[in-house]
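Me: I'd like to learn how to read helix packing and ligand surroundings in a model. Can you walk me through it?

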Amino acid sequence: MISNTYKIITYGCQMNESDSERMGAQLESIGYRKIEDFKEAQVILINTCCVRESAENKIFGKIGELKHIKQQNPAVILGVTGCMAQKDGEALLKKMPHLDFVLGTNKIHDLCGLINKLKAKRKHLVDLAPADGGPMEEVMPPKSSSWSVWLPIMYGCNNFCTYCIVPYVRGREHSRPLEAILQEAQQYAKQGVKEITLLGQNVNSYGKDISKSSFAELLARLDEIKGLERIRYMTSHPRDLSDEVIKVIKYSKHICTHFHLPVQHGSDRILKAMNRGYTTASYRHLIEKIRSEIPGCSLTTDIIVGFPGETEDDFQMLEDFMREIRYDAAYTFLYSKRSGTPAAKMENQVPQEVKKQRLQKLMDMQNEISLQINEDLRGKILEVIVEGPSRTDENVYTGRTATNKIVLWPKRGTEKAGDLLRVKIEQPQTWVLKGEALYE
Ligand code: SAH
Ligand code: SF4
Ligand code: F3S
């Protein structure tokens, strides 16, 4: 073990990745240094997700794996943070007594205080505030920023989709003040950041709880910040995407033309049971509006297969709807029962085998559509923001288009992460576009 070092192992969504960065910044402010190998770290945090059972199982495995590290070296501080910490609290310590602490989702600003307490007394600690216990405190932003950063604009969710655990572990919607977000973005731009991704479970309702600002206004103000090339955001709820937001994006210079609008299902009966607050007709109308205002934009979605009561007919409607909308890509999930949510108590849970078959069918269909859509980009010249060498070959670089497509090309120039570059697409595939960079 190396003294005063830390490692945060992160699971789950971008909000968790952002929280991990902010917890890291706090640890650095009291003299800790980040290292890659968790086996050497003095403070090990597992930032957890509980959105599906599969995520939880993986995390339990990891926490178990850490047991012998703690046994070998009791000076190691082992903590669980994030959504599972908020959900299970004390029970986690009981189940896994080798843990030193459990820290809830809206207490992460208190991490340093907790570490100091542990150092003084070395007793097991649980620090949870009720998930809806008032506005989140401002949390320290990461100090060292790369060319691309996460920027949380709001926490929590008020939607209570009947399958989803997030509102229970993240609490009610709380927007950060507009000025705090703008200031942070300006600071990043000064440091050379080129891309920011705004984060929230439902970014379209940004500002509603503070009634002083709206998501449209926030986007418009961010678009004016000098130096920022790309502004992304996630996730948009289809019910709340306003005409004003579409207009701001249409006339903006830097807001990406990628819409991630999780539809979840294509049967109105299931959408109602999910409490999504829209119908296939209103969703279709929204997509038509977006596509006519912003031609060439891309559209992606999340889908849940096997929600309780899903019949063959419902599934057929889902397939038809996805074929009709033609998404660029879809993230498809098997419905996972989350205790405490209304759907967990619903009758007619779909057998796992049926869910799996349906999911496979949907993925095969979607892959075909994604490939067809990408095929239309053959020969086109697209502007990408450079991300750096690809994972498998350092001579092949990767970047993203404004529509969030991954592009690969052989590096022959001086491009570096954060640069804009034009690439001619020569070999479109299902998940990536391969091409040649145009160096002028
Ligand atoms: N707030 C975002 C994302 C929430 S979680 C949104 O509403 O889009 C990301 C995705 O996980 C959801 O879009 C949904 O498709 C999926 N998901 C959430 N709960 C789930 C569950 N119980 N089983 C399977 N998938 C789930
Ligand atoms: Fe979950 Fe629905 Fe909120 Fe998304 S909008 S986090 S799916 S409750
Ligand atoms: Fe998972 Fe929590 Fe995100 S449950 S998906 S880490 S908000």
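**Reading the packing**

Reply: Let's start with a result: helix 1 and helix 6 are oblique to each other. Keep in mind that this is a predicted model.

Me: What angle do helix 1 and helix 6 pack at, and how far apart are their axes?

Reply: In general, two packed helices are described by the angle between their axes and the distance between the axes. Here, helix 1 (residues 14-29) and helix 6 (residues 111-121) pack at about 50°, with axes 9 Å apart. The crossing of helix 1 past helix 6 is right-handed. On the helix 1 side, Met-23, Gln-26, Leu-27 and Ser-29 make the contact, and they meet Leu-111, Cys-112 and Ile-115 of helix 6. By class, that contact has 5 nonpolar residues, 2 polar and no charged.

Me: Are helix 9 and helix 10 roughly parallel or roughly perpendicular to each other?

Reply: Angles under 35 degrees count as roughly parallel. Helix 9 (residues 215-223) and helix 10 (residues 243-251) pack at about 10°, with their axes 8 Å apart, so they are roughly parallel. Phe-215, Ala-216, Leu-219 and Ala-220 of helix 9 touch Glu-244, Val-245, Val-248 and Ile-249 of helix 10. That contact splits into 7 nonpolar, no polar and 1 charged residues.

Me: Now the ligands. Which residues are around ligand 3?

Reply: You'll find Cys-13, Asn-16, Cys-49, Cys-50, Val-51, Cys-83, Arg-170 and Gln-201 there. The shell sorts into 5 nonpolar, 2 polar and 1 charged.

Conventions:
Residues are numbered from 1 along each chain as its sequence is written. Chains are lettered from A and ligands numbered from 1 in the order in which they are written. This is a predicted model: local features need pLDDT of at least 70, side-chain atom pairs count only at pLDDT 80 or more; totals for chains, interfaces and linings use all residues. Side-chain values use heavy atoms; hydrogens and water are left out. Axes are lines fitted to C-alpha atoms, for helices over the stretch in contact, and angles run from 0 to 180 degrees between N-to-C directions. Helices (H or I, at least four residues) and strands (E, at least two) are DSSP runs, numbered from the N terminus. Angles under 35 degrees count as roughly parallel, over 145 as roughly antiparallel, 65 to 115 as roughly perpendicular and the rest as oblique. A crossing is left-handed if the near helix is turned anticlockwise from the far one by less than a right angle, and right-handed if clockwise. Contact means heavy atoms within 4.5 Å. Ala, Val, Leu, Ile, Met, Phe, Trp, Tyr, Cys and Pro count as nonpolar, Asp, Glu, Lys and Arg as charged, and the others, Gly among them, as polar. A residue is near a molecule or strand if one of its heavy atoms lies within 4 Å of it.
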